[in-house]
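My notes follow in the order in which I checked things.

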Amino acid sequence: MRHRHACFTLQCPSQVSEPCFVILFYLLQVWNHDFFWESMKPRGGGEKPSEDLLKLIDRDFGSFEGFVNEFKTAAQTQFGSGWVWFAYKDSRLDVGNAVNPLRSDEDKKLVVVKSPNAVNPLIWGYYYPLLTIDVWEHAYYIDFQSRRPDYISMFMDKLVSWEMVNSRFEKAKAVVEQMEREDERKRKLEEQRFRTDEAPANAIFPDTDAAAE
């Protein structure tokens, strides 16, 4: 399997051996933490998403406040260790290895998803992470003890770098548009090949006797 992200390409074997799985686990944790730290900045949280991103947030969550509430709720209710992601999804399907129909504009939507342990949306395919919060207990226990909701509110209200989220969104859109152009190119080639295969024999190999007459 090969999964693409605006700044990252992940390759996983279809059948992962135990040693490979352990390595993959640690690689994902490194990637997740780097992504998490880059999602923050001092005195963040007070900004708003870009105009284009905010339009999609309003469409998919009803309002910016609706998105914030859904993100906070997901982070509060993630059982045990894991992550919560704000992502741009480029497929109507929730199963990464299913045969995907042609994409349409309705497929492109923003979602909030939860993942356990080191899992991130890249391994599901067609998900482009924009923002994440670490809800492993060690991420907040020293400062907040068991008060996870306070940690989540502090993250959303005072730390999120919307500048970084906006940049990731633009890169994700660019990747999706490139994939769509490639899909369209392949579709046209396939149609051309089909028309050639279905063409009458005399259209490809004209009757020389008839041509001579």
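**Loop residue and helix packing**

I began with Gln 78, which is buried at a relative accessible area of 9%, where buried means under 20%, exposed over 50% and partly exposed in between, with a 1.4 Å probe and protein chains only. I was working on a predicted model, in which local features need pLDDT of at least 70, side-chain atom pairs count only at pLDDT 80 or more, and totals for chains, interfaces and linings use all residues. Residues are numbered from 1 along each chain as its sequence is written, and side-chain values use heavy atoms, without hydrogens and water.

I placed Gln 78 in the loop between α3 and β3 (82–90), helices being DSSP runs of H or I of at least four residues and strands runs of E of at least two, numbered from the N terminus. Leaving aside neighbours within four places in sequence, I found Gln 78 in contact with Val 84, Lys 114, Ser 115, Pro 116, Val 135 and Arg 148, contact meaning heavy atoms within 4.5 Å.

I then turned to α3, where Phe 64, Phe 67, Val 68, Phe 71, Lys 72, Ala 74 and Ala 75 are buried. Seen down the axis of α3, these residues fall within an arc of 160°, so they line one face of the helix; the arc is that of the directions from the helix axis to the C-beta atoms.

Finally, I noted which residues meet between the helices: Leu 54, Ile 57, Asp 58 and Phe 61 in α2 meet Phe 64, Gly 66, Phe 67 and Glu 70 in α3.
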